[in-house]
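Take a look at the structure below. We will walk through it in steps, starting with the ligand.

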Amino acid sequence: MATADSRRFVGKVAVVTGGSRGIGAAVATRLAAEGAAVVIGYRDNQRAADELVSAVVADGGRALALRADVADPDQTGALIDRAVSEFGQLDVLASCAGVEHFDALENIAPADFDRVFTVNTRGQLFAVQHAAAHMRAGSRIVLTSSVSASRAVFHHTLYAASKAAVESMVLNLSAELGRRGITINAIAPGGTATDMAAEHGARYQHPQLRGTMPMEQWLSVHGALGRLARPEEVAAGYAFLASDDAAYMTGRTLPVDGGFF
Ligand SMILES: NC(=O)c1ccc[n+]([C@@H]2O[C@H](COP(=O)([O-])OP(=O)(O)OC[C@H]3O[C@@H](n4cnc5c(N)ncnc54)[C@H](OP(=O)(O)O)[C@@H]3O)[C@@H](O)[C@H]2O)c1
């Protein structure tokens with residue numbers, strides 16, 4: 001895999017949803033460091049997105065922060081149209097926006113289902129639809145699943161199912177996009193040191209064990225590398241799938257999870 005010293009995205013334009021924080025911010029930083037003009041999508045944190053734009057520009061790159069709630073496909077479409085009008089084309093979509101959810105079956109309300117699937121699943125599908133409308137052959141789409149999609153964790157049904165659907169979307173969309181020379185894959189991150197993990201990570205433990213050991217200790221039992229990922233380590237996977245190094249890879253979900261088991 002290329003290092004951050006390589007410049008695989010010179011002349012390319014990338015949209016990163018959920019680019020204001022966490023994994024998405026690391027993806028935007030990595031793509032910009034390798035030469036891409038990046039559009040950083042956010043929902044609430046304009047300040048974080050603006051700071052990221054300033055950092056990219058200070059490094060000699062090109063970036064723009066745009067607000068769009070991916071729960072509303074019209075807002076996603078407007079963000080992508082603006083990216084194209086500002087930078088002239090669209091080569092990469094990195095769809096990182098997502099929300100967590102934990103609750104027991106008896107507590108799940110239809111509104112919870114709608115909130116989680118509207119962002120994590122529907123939001124990603126319509127981001128692909130809008131992005132693909134502008135893309136040429138050689139463009140790359142990278143969605144975000146999770147290791148949770150293929151593991152049983154107490155009270156995690158909604159989130160895990162919303163991400164499993166993404167893996168199926170990637171598989172099925174690869175056929176129609178492949179005919180146009182566009183690849184689509186997903187990254188399935190493991191536990192990664194972000195706001196989301198800080199807020200929800202402890203809930204991955206069995207309910208009877210919750211609070212009995214710190215996250216790092218729990219991961220030392222459940223992961224080969226025994227620690228959370230740094231967002232930059234996960235971003236390297238997105239950059240690989242967004243690059244021509246992954247030109248013959250499509251329809252797949254790549255785990256970047258430190259050997260989680
Ligand atoms: N961290 C982990 O351990 C982990 C593991 C597996 C998968 N993932 C997945 O990786 C992705 C990034 O996670 P993270 O840990 O970086 O999350 P995070 O720290 O909570 O950041 C979430 C990002 O998504 C944006 N966002 C949330 N809802 C949105 C909406 N409706 N419209 C537009 N943007 C929205 C946020 O924007 P604002 O800043 O404006 O709020 C923020 O940029 C998510 O899809 C998550 O499910 C994370």
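What follows covers the ligand and its surroundings, then the nonpolar cores. Keep in mind that this is a predicted model.

Start at the ligand. How many residues surround the ligand? The count is 30. Ser20, Arg21, Asp44, Tyr159 and Thr194 are the closest. By class, this shell holds 11 nonpolar residues, 13 polar ones and six charged ones. Three helices each supply at least two residues of the shell: α1 (22-33), α5 (157-178) and α6 (195-200).

Now zoom in on the polar atoms. Aspartate 44 has a backbone N or O atom 2.5 Å from an oxygen atom of the ligand. For threonine 192, a backbone N or O atom lies 2.9 Å from a ligand oxygen. A polar backbone atom of cysteine 96 sits 3.0 Å from an oxygen atom of the ligand. How much of the ligand does the protein bury? Taken alone, the ligand exposes 900 Å², and the protein buries 96% of that.

Next, turn to the nonpolar cores. The largest has 34 residues. Within this core, Val16, Val27, Leu31, Val38, Ile40 and Tyr238 touch the most other members. Helices α1, α2 (46-58) and α8 (231-242) each give this core at least two residues. So do strands β1 (13-17), β2 (37-42), β3 (63-67) and β4 (92-95).

Pick out valine 38. Leaving aside neighbours within four places in sequence, valine 38 is in contact with Ala14, Ala28, Leu31, Ala32, Arg62, Ala63, Leu64 and Phe87.

Notes:
Residues numbered from 1 in each chain as written. Predicted model: local features only at pLDDT ≥ 70, side-chain atom pairs only at ≥ 80, totals over all residues. Heavy atoms only, no water. Near = heavy atom within 4 Å. Polar contact = N/O pair within 3.5 Å; in protein donor to acceptor, adjacent residues only side chain to side chain. Areas by Shrake-Rupley, 256 points an atom, 1.4 Å probe, with all protein chains shown as cover. Helix = DSSP H or I, 4+ residues; strand = E, 2+ residues; numbered from the N terminus. Nonpolar A, V, L, I, M, F, W, Y, C, P; charged D, E, K, R; others polar. Core = buried A, V, L, I, M, F, W, Y, C linked by side-chain atoms within 4.5 Å. Buried < 20%, exposed > 50% of the residue type's maximum accessible area, 1.4 Å probe, protein only. Contact = heavy atoms within 4.5 Å.
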